[in-house]
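The sequence and structure come before the details.

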Amino acid sequence: MNTMITKILWALAYLILAPLIGGLLEGFDRKISARMQRRVGPPLLQPFYDVGKLLHKQTINVTKAQSFLMLSYLLFMMITGVMFFTGIDILMCVFVLSTAAMFLYFAATVTSSPYSTIGASRELIQIMAYEPAVLLTCVGFYVVRKTFEVGSIVKADDSAIRYLPGVFLAFVFVLTIKMRKSPFDISTSHHANQEVIKGVTSELGARNLAYFQITEWYENVILMGIIGLFIINRNPISIPIAIAVVLIVYFLEILIDNCSARMKYTQMLFLAWTVTLIASGCNIWLLMMILKD
């Protein structure tokens with residue numbers, strides 16, 4: 001009974017706090033990016049103001065299916081986070097996360113707009129680029145902990161990164177793709193010069209664009225949670241260390257976003273798969289050889 005109550009509390013905490021944390025992280029992203037570009041930047045709470053404004057606008061759909069698909073995208077992302085933070089199978093979380101991404105793809109393609117359709121095709125290419133690294137991350141956790149259960153992984157005596165430095169490196173690398181930041185922001189971009197024609201979100205307006213933004217906040221918290229999973233163990237000291245690592249990684253993503261030019265999709269695929277094969281693949285292979293001996 002206590003375990004069930006704990007899981008319900010974690011699920012509620014994620015559903016309520018994740019968009020708040022995600023919005024604050026985006027606010028810091030905008031503020032830090034502005035400072036890097038020698039600008040003052042918007043207020044820290046500007047992302048919340050933007051979403052609130054979008055939610056109060058008149059809803060205009062290009063097609064009737066668009067709102068349904070965007071709400072499904074948001075719902076599946078919320079389900080993924082609830083599964084992850086309640087300690088369920090991380091491999092299943094990744095599968096549901098991929099399902100959520102497909103709803104975004106369909107929401108862009110049903111509009112018949114050439115801009116959003118091209119953005120949708122590029123979104124599929126991004127999925128092809130980062131999915132192997134994400135799946136190998138799950139495999140790495142299993143090789144080390146002999147389980148996919150998030151709840152069991154965090155109860156280990158030591159941190160998983162001790163055995164999975166290459167897997168961690170590969171995941172951080174593809175995180176740039178997953179967060180749609182330069183140089184891998186080929187399906188959409190957060191930069192102001194692309195607000196008019198903005199890839200997969202070109203035909204999203206009012207509430208649908210707000211749903212997209214909120215879903216991104218939920219997703220970023222999940223991704224940062226996976227980063228923390230490499231660090232957290234049964235020692236309580238590992239929790240503040242994990243938070244520090246998460247903030248460092250997030251700052252690194254902002255830095256890369258502001259000092260990199262966009263790459264072609266062929267370069268993105270080559271780099272993502274190369275880093276995944278060398279860093280993550282070799283790490284898991286060596287680990288299996290050591291454990292076998």
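## Cysteines

The count of disulfides comes to zero, where a disulfide is a pair of cysteine sulfur atoms within 2.5 Å. In general, the term refers to a covalent bond between the sulfur atoms of two cysteines. For Cys 138, the closest cysteine sulfur is that of Cys 93, and at 8.2 Å it is too far for a bond.

Cys 138 is buried, because its relative accessibility is 1%. Cys 259 has a relative accessible area of 57% and is therefore exposed. Buried here means under 20% relative accessible area, exposed means over 50%, and partly exposed is in between, with a 1.4 Å probe and protein chains only.

## Basis of the model

The model is predicted: local features need pLDDT of at least 70, side-chain atom pairs count only at pLDDT 80 or more, and totals for chains, interfaces and linings use all residues. Residues are numbered from 1 along each chain as its sequence is written, and side-chain values use heavy atoms, with hydrogens and water left out.

## Backbone geometry

Most residues other than glycine have a negative phi, and most peptide bonds are trans. Arg 38, which is not a glycine, has a positive phi of about 60 degrees. Arg 38 lies in the loop between helix H1 (2-36) and helix H2 (46-55); helices are DSSP runs of H or I with at least four residues, numbered from the N terminus. With 82% relative accessibility, Arg 38 counts as exposed.

Arg 180 also has a positive phi, near 60 degrees. Arg 180 is found in the loop between H7 and H8 and is buried, with a relative accessible area of 4%. Pro 183 lies in the loop between helix H7 (165-178) and helix H8 (207-229). The peptide bond that joins Ser 182 and Pro 183 is cis, with omega about 5 degrees.

Thr 80 is part of helix H3, residues 65-85. Thr 80 counts as buried because its relative accessibility is 1%. Leaving aside residues up to four places away in sequence, Thr 80 touches Cys 93, Val 96, Leu 97 and Ile 222; contact means heavy atoms within 4.5 Å.

Ile 241 belongs to helix H9, residues 238-258. A relative accessible area of 44% makes Ile 241 partly exposed. Ile 241 and Ile 231 are 10 residues apart in sequence, and their C-alpha to C-alpha separation in space is 7.3 Å.

Technical notes. Helix = DSSP H or I, 4+ residues; strand = E, 2+ residues; numbered from the N terminus.
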